[in-house]
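Q: I have a new model open and would like to learn how to read it feature by feature. Could you walk me through it?

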Amino acid sequence: MTDIERQAALDEIGVEVAACTRCRLHQGRTRAVPGEGTAATEVVFVGEGPGVNEDRQGRPFVGQAGSLLDDLLASVLWSRDEVFITNVVKCRPPGNRDPEPDEIAACAPYLTRQLEALDPALVVTLGRFSMARFSPGARIGQVHGTFHAADIASGAARALTFCMYHPAAALHQGSLKQTLFTDMLGVPAALTEARAVRASAAPAPEPTTAAPAPEPASVPATDPVAETAPEASSPAGSSHDGPASDSVPLRAPETLVQPPSGEFETTTPADAEFDPASQLGLF
Ligand code: SF4
């Protein structure tokens, strides 16, 4: 799928979300919030649901929590223009209450389709409702700041998922702010691992039969510049345009470790000290 096709798929989902009446949340919304960002990204951030500011503007993470998310992205030299940001439910739960299970279930197909279109290498979950989709059974107090293979049923079949607290939680509990920034330093390392996992899962190139060498006299004249010029590469970097096939299952990362509880596999980025000099570009 090309980036243009990905964007077309996202636009189509956005139109459907704007008119959706699948659950009761449509009754109180001002604007639905399907999500925003670039279709050419490798990284998707998934929060819980729109708040009052998001409901007014129709954009995700635009209030105080959004400002904190911008700061978190900036701390690893990323910006929201380089990622895609969305939520588990696309309409605001009244009074900022938690989304109900039936509301999450009703809205789930939209997120699944967004993830299938984007085919991200890494999904960063913000808060426990998002985490529950990609890491069923996990407890955020135990797994925040770690990554592991995303649940295949989530729609991000070839992605790793990195768990974080929701930025809004830090607005109510100040001590979580430092935790968020510390955890964020591990996100670029998780993307590096996700890229390695996808590369290792890519099928080997088909063997080709070498054509017989032409007789010297029959070689046509060629433009040496055109012949040696490298092919243009996608500004998005790669994972979307690489040889990986959807039919190849994601290999379990060799770095996964088993915690004492035996309930949940996680990997903590080895280098939590973020070095801006080695900043991991998204493009
Ligand atoms: S929350 Fe999702 S399922 Fe419910 S009305 Fe909004 S878009 Fe539809």
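This is a predicted model: local features need pLDDT of at least 70, side-chain atom pairs count only at pLDDT 80 or more; totals for chains, interfaces and linings use all residues.

Q: How many helices and strands does the protein have?
A: Helices (H or I, at least four residues) and strands (E, at least two) are DSSP runs, numbered from the N terminus. Here there are ten helices and six strands.

Q: What share of the residues in the protein is buried?
A: Burial is a matter of counting: a residue is buried if 20 or more other C-beta atoms lie within 10 Å of its own, exposed if 12 or fewer, and partly exposed in between, with C-beta atoms placed from the backbone. Buried residues make up 41% of the 283 residues in the protein.

Q: And what share of the contacts joins residues at least 24 apart?
A: Two residues are in contact if their C-beta atoms, placed from the backbone, lie within 7 Å. Among contacts between residues at least 6 apart in sequence, 77% join residues at least 24 apart.

Q: Let's do a helix. What span does α1 reach, and what is expected?
A: The expected span is 1.5 Å times one less than the number of residues. Helix α1 (residues 3–18) has 16 residues and reaches 22 Å from its first C-alpha to its last, close to the 22 Å expected at 1.5 Å a residue.

Q: Which residues of α1 are buried, and which are exposed on the other side?
A: Start with the general idea: an α-helix has 3.6 residues a turn, so residues three or four places apart point the same way. In α1, the buried ones are Arg6, Leu10, Ile13 and Val17. Down the helix axis, the buried residues of α1 fall within an arc of 60° (taken from the directions from the axis to the C-beta atoms), so they line one face. On the other side of α1, Ile4, Glu5, Glu12 and Val15 are exposed. The cover over the buried residues of α1 includes α4.

Q: Which residues of α3 are buried?
A: Helix α3 (residues 64–75) buries Ala65, Gly66, Leu68, Leu69, Leu72 and Leu73. The buried residues of α3 fall within an arc of 160° seen down its axis, so they line one face of the helix. Their cover includes α7 (167–172) and α8 (175–184). Just after α3, Leu77 takes a positive phi of about 65°.

Q: Is Val88 buried or exposed?
A: Val88 is buried, with 23 other C-beta atoms within 10 Å. Its place is in the loop between β3 (84–87) and α4. Leaving out residues up to four places away in sequence, the contacts of Val88 include Val46, Ile104, Cys107 and Phe129. The C-alpha atoms of Val88 and Tyr110, 22 residues apart along the chain, are separated by 8.8 Å.

Q: How many residues does the largest nonpolar core have?
A: In soluble globular proteins, nonpolar side chains tend to be buried together. A nonpolar core is a set of buried Ala, Val, Leu, Ile, Met, Phe, Trp, Tyr and Cys residues joined through C-beta atoms within 7 Å. The largest one here has 63 residues, and those with the most contacts inside it include Val44, Val123 and Phe162. The largest share of this core, seven residues, comes from α4. Beyond its neighbours within four places in sequence, Val123 is in contact with residues including Val44, Val46, Phe134 and Thr161.

Q: Last one: which residues come nearest the ligand?
A: A residue counts as near a molecule if its C-beta atom, placed from the backbone, lies within 6 Å of it. Of the 14 residues around the ligand, Cys20, Cys23, His26, Cys91 and Cys107 come nearest. Helix α4 (residues 101–118) gives the largest share of the shell, three residues.

Methods
Residues are numbered from 1 along each chain as its sequence is written.
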